[in-house]
Amino acid sequence: RKRKGESSQNEGEGEGPRTGREMPNGPPQTLSEEERIKALIEEGVKRLERFSAGADEFWRREIERWNAVKERLRINGFLELVKVVEEIERYIAYVRDWFLNHNGEVRMIIETLRSGRIVVMRGEKSLSVVVNGVDMDLMIEEISDGVIVVMTFERLGRLVINVPKLIDGDAVALLKMGLELADGAPKKVSTAEARMVTANDWQVLLWMVLNYGLCGVRIIGVDLNKEEQKVKWEVVPEMRSIKHLPALMLKSIILSMDPTQLKILLLGGILGDGSVKLQQYRDQRAYPVIKLVFGEGKVWSAVAERLGLRPYLDRGKYVIFINGTKAVRFARDVLNALPERIKDLLSALAVEKWVRLISIAEMHFRGRYQIDINGVAFSVRVSKIGISLEHREVERDRAVRIYKQLKKRNYKVRLRRRKNGYYVVMRLSELSNDEVIKKIIRLLCMKYQEYRERGIYEKTRQSIINALKKRPLGSFIPIEGCCKPTPWITPF
């Protein structure tokens, strides 16, 4: 699986991107260890031979990719970064020549694999084959759903660049903190620098900008994926890593932040090891989903708790999950909070997650079981005592603003504080707006129909029927065990 601090250009599901990850067709777990080792060797030889045959073309495409980055930066006015990219292009050309001159060592590694002169590393649930060369090493690792093949370069020089200070302020510090906590390389006892290992060109540049000043940049290897090989970069700025701070100190810093700062911090984590997607829902709508996956860290748990989110456990990892209207609100809040210069930079770097986040922020979205009242999305809550409309906010000021806005429009509203936030509440029995009541009936009919088709929530279905029979809903629609369509109700 993905090693801490590594990421790839392809966005992953939930846990974020993984470098060198191979999809199914890896060695079956039912084989004996000898057969599994043989299968790993065969897979490693096949991928290494394919890479060696097209190595010149591979490095040429890498230079072209960075050239495209350079042109986007030039168009968007980041001329200082254009010079940085030009130095990186020259470094890639140097590495290409270095690799082609060491192609004989690649053939030697292939012969070593075939001869079986390998080192076998056994983990609790993993098995790896390692070949140590003079200037290159190769690791072939079996994982649950495939094979990872990584070629690393030893004694390859690095590039040192003096990165200009382009952006500054709290947002920079928060993005940097979030990105490092989620996707930074593990801290080293020997060094306190904020290391980042990645296969993303945008992440290389963003980490350099966030840690302006002298930065060491080095190509440490290539992930030999079955579909696409990718360069692995290590970026080591002079600035200190936040991971060297004690966990209690980090948590106290987070507890001192306001909700807007926490959202920018969370954005940094999502860019590093999260996902931003527009998925197809049952009714074929584009449904926004934002995720961040983390281990047993108290830091992200504290962030989630402060924002009214509840992480859940999935395959040994914790997931912060934001979807629907909450995702739209999160995206809009982040876009409003970030300085224009940072937004321009993320757009110029063509960060896929950022592009999707902008799309989500521009959505006019409300939940399937929500109604819109004066631009505010309310959920319809059915209980034994009746029906109410509820809108939740994490921030008290925003809840108060919505409460006053509806009061001015002569709605009978209440403001309630609960464990997970502030609620603006309206009771159905106190509603006098016929159009709102019709919206509620339409929504309840749709909810009842879906629950009945799926055979779930029998008690909720009965509560819906009981509510529809009573005033004020009963005066709008005839009931015979279930609501029926009328010219203005089309729930089926």
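**View 1. Confidence along the predicted protein chain.** Residues are numbered from 1 along each chain as its sequence is written, and side-chain values use heavy atoms, with hydrogens and water left out. Because the model is predicted, local features need pLDDT of at least 70 and side-chain atom pairs count only at pLDDT 80 or more, whereas totals for chains, interfaces and linings use all residues.

**View 2. The open sheet of strands S9, S10, S12 and S11.** Four strands form an open sheet in the order S9-S10-S12-S11, with antiparallel pairing. Strands (E, at least two residues) and helices (H or I, at least four) are DSSP runs, numbered from the N terminus, and two strands pair if DSSP finds at least two bridges between them. Strand S9 (274-280) and strand S11 (312-314) are the edge strands, each pairing on one side only. From one strand to the next, the twist averages 35 degrees.

View 3. Seven bridges join S9 to strand S10 (residues 286-294) in the antiparallel sense. Ser-275 stands opposite Lys-291 in S10. Helix H8 (residues 259-273) packs on the sheet and touches S9, S10 and strand S12 (317-323); the direction of H8 makes about 90 degrees with that of S10. Helix H12 (residues 352-361) also packs on the sheet, where H12 touches S9 and S10, and its direction makes about 50 degrees with that of S9. Axes are lines fitted to C-alpha atoms, for helices over the stretch in contact, and angles run from 0 to 180 degrees between N-to-C directions.

View 4. Arg-398 belongs to helix H13 (residues 396-408). With a relative accessible area of 16%, Arg-398 is buried; buried means under 20% relative accessible area, exposed over 50%, and partly exposed in between (1.4 Å probe, protein chains only). Neighbours within four places in sequence aside, Arg-398 is in contact with Arg-329, Asp-333 and Glu-393.

View 5. Helix H3 (residues 79-101) contains Glu-89, which is buried at a relative accessible area of 11%. Leaving out neighbours within four places in sequence, the contacts of Glu-89 are Ile-63, Trp-66, Asn-67 and Lys-70.

Note on methods:
Contact means heavy atoms within 4.5 Å.
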